[in-house]
Amino acid sequence: MNPSGSLAVLLPLGLAFIMFSLGLGLGLADFRRVLAQPRAVVAGMVGQVVVLPAIAFSIASGFQLGPEVATGLMILAACPGGVTAGLVTDLARGDTALSITLTALTSVVAFVTVPLVVGGSLVYFAGQAILIRLPAGQLAGGLFLLTVLPVAAGMALRQWGPGLRLERPVKHLATGVFLAIVIATFVNQWDTLVRHFPTVGPATLALNLLTMAAGYGIGRLQELPTASRIAMSMECGMQNSALGITLAVSLLGAPALAIPSVVYALLMNVTALAVILLARRDGFLVKDDPDNGTGSTGASPRREA
């Protein structure tokens, strides 16, 4: 279930570079804006921590999934948003600062929510009572090295090296890195996808589509600008599937529980690319929002990538 040796080394480097590229396009004002008017943050957290597991539970019950698949789906739903959600949000002209903020916050809250959701799911679906303890040092270190540090480095370079004009070429390169990660993941896990898609694919695809729609819908109910809705949609729909795989394989010693996370990791990138294409096609997702990017709770003005 784990990536091959070379991919396991290159993947974190690629993710860190993606976050660095996002930092080049952000300033402290972007995060001050998000934190000063936290309605979008609170709504995004509710979507990620409460609504997403509820949707996964409904799918597991409605699809009448077996205990292993159902538990694996709940493990995935308990995970925080993935690192690449920030880049997808940026490419889809969403609120990048909000996306990064939600990724960081849900990763911190995961120390409490993941044991609760995963432990409860093991009891309900598999009839097992297991105490879940997340590797706090490993997760905190990963959050710092893959998210906080590269974003801060990009922001610092933008602040103190404005004459370098690196944002556009670096962002294009980061987009290429993202596509390479998607392709490499497909190649690395193709056998698993083909073998398990008939039983796991419909449920994971339903989870992905419904959670993306839920994130966007929550933002709409809160009357947030479209850029914020896009960020919330991506944060709810693009899970940290690598954590789901680690939980299943390393912590629980049950590789079968990782299958939904593996399949989801592939499917979410396909739907994410579709969202990017829709958002960039003549402003399909943003053309009807006069307050987009400039409202009281919205994103900073979008820059062309």
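Buried means under 20% relative accessible area, exposed means over 50%, and partly exposed lies in between (1.4 Å probe, protein chains only). By that rule C79 counts as buried, because its relative accessibility is 1%.

This is a predicted model: local features need pLDDT of at least 70, side-chain atom pairs count only at pLDDT 80 or more, and totals for chains, interfaces and linings use all residues. Residues are numbered from 1 along each chain as its sequence is written, and side-chain values use heavy atoms, with hydrogens and water left out.

Here are further residues by accessibility.

| Residue | Relative accessible area | Class |
|---|---|---|
| C236 | 4% | buried |
| E235 | 3% | buried |
| V108 | 45% | partly exposed |

A disulfide is a pair of cysteine sulfur atoms within 2.5 Å. The count here is zero.

Now take E235. It sits in helix α9 (residues 226–237). Helices are DSSP runs (H or I, at least four residues), numbered from the N terminus. Leaving aside residues up to four places away in sequence, E235 touches Q48, G81, A85, S99, L102 and T103. Contact means heavy atoms within 4.5 Å.

V108 belongs to helix α6 (residues 96–126).

Notes. Helix = DSSP H or I, 4+ residues; strand = E, 2+ residues; numbered from the N terminus.
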